[in-house]
Amino acid sequence: MRFSRFFIPTLRETPGEAETVSHQLMLRAAMIRPVASGVFTLLPLGLRALRKIEVIVRQEMDRAGCSELLMPALQPKELWEESGRWAEMGKELIRFTDRKEREFCLGPTHEEIVTDLARHEIRSYRQLPLILYQIQVKFRDEIRPRFGLMRGREFIMKDAYSFDISKEKALESYELMRQVYCRIFERCGLNFRMVEARTGAIGGKLSHEFQVLAASGEDTLLTCDRCHYSANIELAEVRRPDAEEPKQQKRIPEIELVETPGLSSVEEVSAFFRIATNQLIKTLIVTDGREYSVVLIRGDRQLNEFKLQQYLGWKRIEMASPEKIKETTGGDVGFSGPVHLSLRMAADWDILEMGPAIVGANQRGKHFKNALQGRDFHISEFSDLRMAQNGDRCARCKDAKGVLKEYRGIEVGHIFYLDIKYSKAFQAAFLSADGKEQSLEMGCYGIGIGRTMAAAIEQNHDERGIVWPLPIAPFQVIITELGARENKRVAEVSTGLYEAMQSARIEVLYDDRDERAGVKFSDADLIGVPIRVTVSVRGISQNQVELKWRNRQDVEMMPVEQVVPYLKELLAKRGLILL
């Protein structure tokens, strides 16, 4: 493609509305243009990169034996009522009424449509296993669309759905998709982690996220430095301490009531006692709306409400009101403590190892000093109830030596084992080998195609622009022609290389514009084409051209006749062209 004929309206200045690097660079590099909040037009360069990702996804899904179909974006209310999600989805679901007063939504996902299809088409165990997938536009009325393609109201997604005869077979499909997803993101040239995650609004029994590592990522991930364990911070597990008793001192001072007027925060109290925050115990009163419980967390830690909810077996967790805290403990918010409390109490593993600590005294303006678990208050329930953090010990390592390392990530894929959540609601069943009717076991698997493209930029950029991984770059090579006006040989060599690369099926952008060298180099760096071949008067005088990788500083001079064979061999070795 010739630059002069291709639509690449690059921008020199960064638009003010762009917050993230990917949003800024996609606008500047002529990848996207905004239409409305969270709605974008994909320009030719952006579309080429997106299609590259789609090709990789399709190849790997087809290789795994999945069948592609295309389901409608327009979905009737009745199907969403069968699953119970018409009300559950809330305002994110874009709903409307047609001229016949029938209600519809624009699909944010397709569990309802595909399960309805399955209940009508799958009759026998002989039709299973089956995995169906599509690449489709999705719609969600995000309360705050932002970050360009990261969080839009209209986006392109690959979603797949598996159907199996049993839980065991469904988990085999789940494992197959896990491997497929790893291959997809490896082929895209991305540094990623697969992490354990919550199932969220999709539901089900098991899920994993695929996170592209980037300093700008919204999600916090924790990965063991010895084993393969990785999890979203909401689920990351911390190892139980080896010690079964609190740390003992030669002489344990008695508990002491101390006046702390107006000091209720961890920082204020620890500063008053001149101690580190890890020597203080936070006492939190929680409820599910019916029952109340106490949870103890070390002062420098944060409660993980999801872990606590799972431990208590409650459907939801919220903090007790100031009035209820007063009624239950006798003290105000910020002065609660475990001494003399009669409510059910659970404590994080950290408390098990603590010696004398500072705790609230359940009286306004008072704390206890030297409160000791096992002497001044008694805890019988201990568990992993805190937010894991960098440096915590891994709960999964067999040798107990692994340490969790913290990363930032951008979620680009999510896989779920759904069990029979949707098939039961839709009565989607099949006849087993012994003639019995059974509910279909299901899984679902999503990849944000546009989000993957944006995440690739977040991970791969510098101060000059995008640094595309070669497999998903809109073009593999850019020919930068310099001085063609003064020297016809430059134009002849550039055109010859361009035509030879096209014949070799190398994806090449030929910058044939009548522009200054600085403009051409700036645009080449901005749009991030991985390999730049520069044809200049000086180089041609020695029958050479300059070859430079976008992600390297060094420049290589190469004889003109060797350029195309070199690139053909290089790209063929990486599986990007066929010889």
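The model is predicted, so local features are reported only at pLDDT of at least 70 and side-chain atom pairs only at pLDDT 80 or more, while totals for chains, interfaces and linings use all residues. Residues are numbered from 1 along each chain as its sequence is written, and side-chain values use heavy atoms, with hydrogens and water left out.

**Salt bridges**

- The structure holds 55 salt bridges, a salt bridge being a side-chain nitrogen of Lys or Arg within 4 Å of a carboxyl oxygen of Asp or Glu.
- One of them joins the side chains of D159 and K138, with an N to O distance of 2.8 Å. Because D159 belongs to strand β8 (residues 154-164) and K138 to strand β7 (residues 130-139), this pair ties together parts that are 21 residues apart in sequence; helices (H or I, at least four residues) and strands (E, at least two) are DSSP runs, numbered from the N terminus.
- Both D159 and K138 are buried, where buried means under 20% relative accessible area, exposed means over 50%, and partly exposed lies in between, with a 1.4 Å probe and protein chains only.
- In another salt bridge, the closest N and O atoms of D392 and R301 are 2.7 Å apart. D392 sits in the loop between β20 (381-383) and β21 (404-419) and R301 in the loop between β15 (292-298) and α8 (305-312), so the pair ties together parts that are 91 residues apart in sequence.
- D392 and R301 are both buried, and the two also belong to a network of salt bridges that links R298, D300, R301, D348, D350, R386 and D392.
- D523 and R513 form a salt bridge whose closest N and O atoms are 3.0 Å apart. D523 lies in helix α14 (residues 517-527), and R513 lies in the loop between β28 (508-511) and α14, 10 residues apart; both residues are buried.

**Helix α16**

- Helix α16 (residues 560-573) has V560, V563, V564, L567, L570 and L571 as its buried residues. They cover an arc of only 135° around the axis, which means that they lie on the same side of α16; the arc is that of the directions from the helix axis to the C-beta atoms.
- The exposed residues E561 and K573 are carried on the face of α16 turned away from its buried side.
- The buried residues of α16 pack against β27 (477-481), α13 (488-503), β29 (531-535), α15 (537-541), β30 (544-549) and β31 (556-559), contact being heavy atoms within 4.5 Å.
- G575 follows α16 and has a positive phi, near 70°.
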